[in-house]
Every structure is written in structure tokens, then in C-alpha cells.
Amino acid sequence: MLRQWSVQSGQAPGGPEPEPAADELWESEMERLCASRAPVRALPYAMADKRLIRQLREPEGVKTSCWQRWQCRLQMAGRRLGEAAQRLARGFGLWEGALYEIGGLFGTGIQSYFTFLRFLLLLNLLTVLVTVSFVLLPLAWLQPPDPGPTLNLTLQCPSSHQTYTGVPKFHNQLWNVLTGKAFSNTYLFYGAYRVGPESSSVYSIRLAYLLSPLACLLLCFCGTLRRMVKGLPQKPLLSWDYRVSLSAKVFSSWDFCIQVQAAATIKKHEISNEFKVELEEGHRFQLVQQQSQVQRACHLLTYLRVNILIGLLVVGAISAIFWATEYSQDNKKASLFVLLQYLPPGVIALVNFLGPLLFVFLVQLENYPPNTEVNLTLVWCVVLKLASLGMFSFSLGRTMLCIGGNKTSCEPYGYNACDYQCWENSVGQELYKLSTFNFLLTVAFAFLVSLPRRLLVERFSGRFWTWLDREEFLVPKNVLDIVAGQTVTWMGLFYCPLLPLLNSVFIFLTFYIKKYTLLRNSRASSRLFRASSSTFFFQLVLLLGLLLAAVPLGYVVSSIHSSWDCGLFTNYSAPWQVVPELVALRLPPPGQRALHYLSSHAFSFPLLVMLSLVLTVCVSQSQANARAIHGLQKQLLRQVREKWHLVEDLSRLLPEPDPGESLGPRRPRPGLSLEDPAGLRSPGPGWRGPPSEPRPQVPLPGGTEL
């Protein structure tokens, strides 16, 4: 508005002559607008003013050529086409309407969970696309030669190692589907992939099968890291130096383009949730500032004591998982072996259900603040989830591959061939059962626990039912559950290549199940939080799960002997041995020497130097950015001061109103534009200009006020 006043300053018809200061303001504003490269469309002026500015930028003596005008129109058409494509993509985006409704009714914190589900669905679909493109389609298209009959090994095993062959009456086809045995001969598991020798085919299915899981993990890592880094610039904006005042949110939050009543209701809830988050964060910040040094020391000692107790609980839970896994694998000849197959997933689910409840109980005994209670419980839940999966994978390796145990049963073949003729399929079936069991638990809790609880609370009244109330929708707990399922999927990329497809179906159904639970059966959490503050933590936990899945996979690929009678790597001591074989067959001697140098210790020194240079450049760039931000803050402060000086100059230039005129509010005069400079000279007798003392307080970044 100040710029518009400065541009509109001029001589009114029949009014006084313009003063030299007004002419200088007019000339300086015109020079700035003509020299500016900003598009006219983005300027905050009326349409008539924009036409005048466009004419001033293109004088009569300078005419653009037809080629320049055609280029300008082409660029404008391309820009409009891109904007239309973006609007169309947002309109056809997956779950856009549902995410908007959830974010408006329950806040951006709960919306971030459903956005996280969509992100994981896209990661799984990308993984399936890579596997199908590089493994399944070439396997069907090239039709590699028959690898020959399966190796018939005569296993010298004692009678105690013979597996139980009796089939109970309830071991039907449905149970085979739940345990994965119905798909053991399909491309869902490792054992169904068979090809001939490497020299008989142009395209190496073995190399594609080996590198596809590694490529999928790398793509997931890049996508997760990009999403995490994208949220990092928002973290400093959450500090108190950059907060927008509540008054600004009150007067600028409403969207006046809303015409539908349902959209207006959602917008009201969204604004209300935003105010609740601001007030709650302000209250927590005030409590932290009021703590004394003695109180902080007492809280630290209590914090250490509670952490020790929770650590002991985590150790006990991990020991229970280890015992359950070994017991289910060692008792294969028991009559209840079919039921024991789901013992490890059941124990893991029980531990992950009872563990957080015990953590919350121990933390509440110490009367922690709500924020500290949630953060402490959340950290230990992350440790428990990931440690449970790590112990589960270690116990499987100890049983099947004799890792860290008695290796006498693994000496002849490199793995426990007596009990697990195709150990890759056995590991894939265990991970398949764990993933399926997690989804079945989600369905069971939604329709057998949350739904009856809501119906009972609505049907009966009393002190007990009031205390019980509906289930609280806890975003951290749900995120940890879905991260645990995604970690299991990544762990099974080598043993069960199509497990991401199954997990995609589970995530798609989980979205609608959780949405129904949130809208109908649950109540929102009493502690609201921002999506920007939770997204970074979600991605960090996902990266930890990715690391947990990548370490065992790398060890198995590089060091563990493959099965002798199933899969692609029957004649290899380790799956990675196919890489040097292909290098010797397909690459010329110069290429072999280059790869040998890249994998040798001599290449580590230049690699270390290059990484040091890259790190130095990144640190220098971050420091330069910090200095630039500090300079921009000072420049913003100077610009605001200059604007207030302009306001004071304009208030001195405008005529004073008559004493008899009313000082009340008047309707603004229409038609103020660049072509009507009298609008500034005669804005109306009721307008006295901005007061010079005291100046309004303007909040600035860094906590500075004017």
C-alpha cells in the first residue's frame, strides 16, 4: 500500500501544486518499477496499474520483434500448462480429499501419519517396479534354458533331525496361505527362481536378482533422506524467534474463497487446532523456563533411574523373543508344531503391546511433564521395536545358519541342511508370517477391540464407562507399528522378492482401517503437535529400520553359503561370487583391472581425500548460508525502518483535516490508481495519516520489534 501511495502521488484537479518530495517519491518508484525484473503479474497493483507499468517498461520507441513476442507467449503458455498439470496432479493425487479432511478435523500431527502411510506405499510400489522390471520380466521374456534336475543330495542326518511329517486335521489350505507354504513354489519366494549357467544367457538373471534388493534399499534410503532433509529448513522456523504472533494468525488464517459449508467446518477445526498447538507449546516453554537448577538435577536423577528400569524390561523382552524363536524352530517334530509356527510373531506382538504400557506406567509414577513422558516412552518404544526385529533375525540365523552357536550341524554344507534344505525359503516364510500377522493384528484391534469399546461406551453410562471412554489415537504408536512392518519387508527382499507387493496391499487396506478407526471409534490425542516436528522423527526411525534390514542382508549376500538344491545360487559359496564370475566373463581386461583397483585398499586413500573435500565444501557452504541469513535479517530491519520513515514523510505531506470534520472511519474512495494521482492527495478529510509517536510494534525474525 505504501508503494501504491508513492506511485499515486501527484497533482489533484483543482488542488494544490505537488511538492518536490512527492515528485521525488514518484520518480524513484517509477524507476524502481521500470528497472525491476519481477513479472507484472506478481506485482500487488490493480489491473489498470499493471497495464501502465507494462507500457512504461516498453516505451514507444522500442518495439519487440515478432520472435520475442512469440517466445514470450510460448513461455507464458508453458507456465500456465505446468500450473494446470500441477493442479490436475493434486486433484488426482492418492487420498488427497481424505488427507485434507483428516488434517482439518484432527490437526496436521495426525494427518502426518496418513501422509507417512502414502509415502511408504509409494516406496513399496517403486520396489515392486524395480523387481518386476529387472528380474521377473527378463525371466519370462528371455526364457533361459532349463537348469536341469534338482540336485539330489544324500543328507547324513541323525534321526533327531528328521522333520515332523504328520499333518493335523486343521492344517488345511487356509493355514498354508497364512504360513506361506501355499506359495513356496511360486515367484514369491527365492526357491522358485532357476536359470542355467551364466555363459548360456546374454542377460544375467542372477546379477539382477542380487542387485535388485540393494538397488531398492538404496532408492528407499535416498527417498527417505530427501524427505527428511526437506523438513530440516522448517525446524528453525519452529523456534520462538521466528514464531508468528497469534494476532496475525487470527486476522490472516481464514480463506475467504470457501463457499461450501463442509469446507468451512473443516477450516474452522483446522484454525482451532492450530491455536491449541500454539498455546500448548507456549505453556510447555514457560514451564521449562521456570525450572530451577535443583529441580533440573532432581529430574535428571529420576530420569536415569527410570531409564535403567525400562532398559531391564527391554532386555527381558528381547530374551523372551529369542527363546520363543529357538523353541519354535527346535521343536519341529512336536505334535503342536503348526501352532508353534506363529509363536515368534505372537511373542513379538505381545512384547510390543505390553512394553509401552509398562513404560508409561513407570514414567507416570515419577510425575514427569506430559512432553517428557511422551518423548521418553517413544524413544524406548523405538528401541524395543527395532531390538525385537534384530533379535528375531539373529535367532533365525543362529538356528538355520549356526551363527554364534554350535556349528557341527552346519559343517558339511555351510548351513543346517538337515532341518532346512532350502533355508532361504524358510527365512522368507518366517518374514512372510510376521508381516501377515502384523496386518491381522491391525484388523483384529480395529474391529474386535476398538469397535466394541466404542459401542459399549455409547450404550452404557456410568463412572467406569466414562473413565474407559474411546480409544485414544496415538500417532507415535501407529507409526512405530507401520515402520516395524516396513522393516520386515526390507529384510525379506532377498528371500521373498514380492513381499513389497503384499505389504503394499496391507498398507492400502491399513489406510482405510485406520481412517475408520479415527473417525468412528477413536478420539484424538489430547496432546497436539505439528506435522513438521513429527515428520523428521518418522523418517529417522524409518532410516534406522532400513539400516537394521541392510546389515543382515549384506552379511548373508557376502558370507553365507547358498542352498545346494534350490534357488539361483546353488553352485556358489556365497551369492556375491556371481559378480567376479561375470566380471571375468563379460568385461575386457582393462575393465577388470579398473574394477579391481576400485575394490582394492589403494583406492581408499583418494576416496578419503575426495570425501574430505566434499565435507569441507558443505561446511563452508553452511557457514556462508548462516552469514547470508544474518545479513538478510539486518537488511529486513533496515527496510522496515525505511518504510516507517516513508510513512512519516507522507503524513507530513498530506493536509491536516479541519477541526469540524468527523474523525470517524470513512469508506475508502474507489478508483485509486496510477492514472488518478489525486487519490493520494485527497484521501478524504477523515484520514489523518499514520501517527508518528508511538510507532507500532512490528515483529521481526530474531525477536526484534520496531
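Buried means under 20% relative accessible area, exposed means over 50%, and partly exposed lies in between, with a 1.4 Å probe and protein chains only. Keep that in mind for Phe-464, which is partly exposed at 47%.

Now the background. This is a predicted model, where local features need pLDDT of at least 70, side-chain atom pairs count only at pLDDT 80 or more, and totals for chains, interfaces and linings use all residues. Residues are numbered from 1 along each chain as its sequence is written, and side-chain values use heavy atoms, without hydrogens and water.

On to the rings. A pair of aromatic rings is described by the distance of the centres and the angle of the planes. Rings of Phe, Tyr and Trp (its six-membered ring) pair if their centres lie within 6.5 Å; planes under 30 degrees apart are stacked, over 60 edge-to-face, and the rest tilted. The whole structure holds 30 aromatic pairs. Phe-460 and Trp-465 are stacked, 5.4 Å centre to centre, with 20° between the planes. How do Phe-464 and Trp-465 pair? Their planes stand at 75° and their centres 5.1 Å apart, so this pair is edge-to-face. Trp-465 is partly exposed at 22%. Phe-460 is partly exposed too, at 41%.

Last, two spans. Helices (H or I, at least four residues) and strands (E, at least two) are DSSP runs, numbered from the N terminus. Residues 207-229 are 100% helix and 0% strand, with end C-alpha atoms 32 Å apart. Residues 594-619 are 81% helix and 0% strand, and their end C-alpha atoms also lie 32 Å apart.
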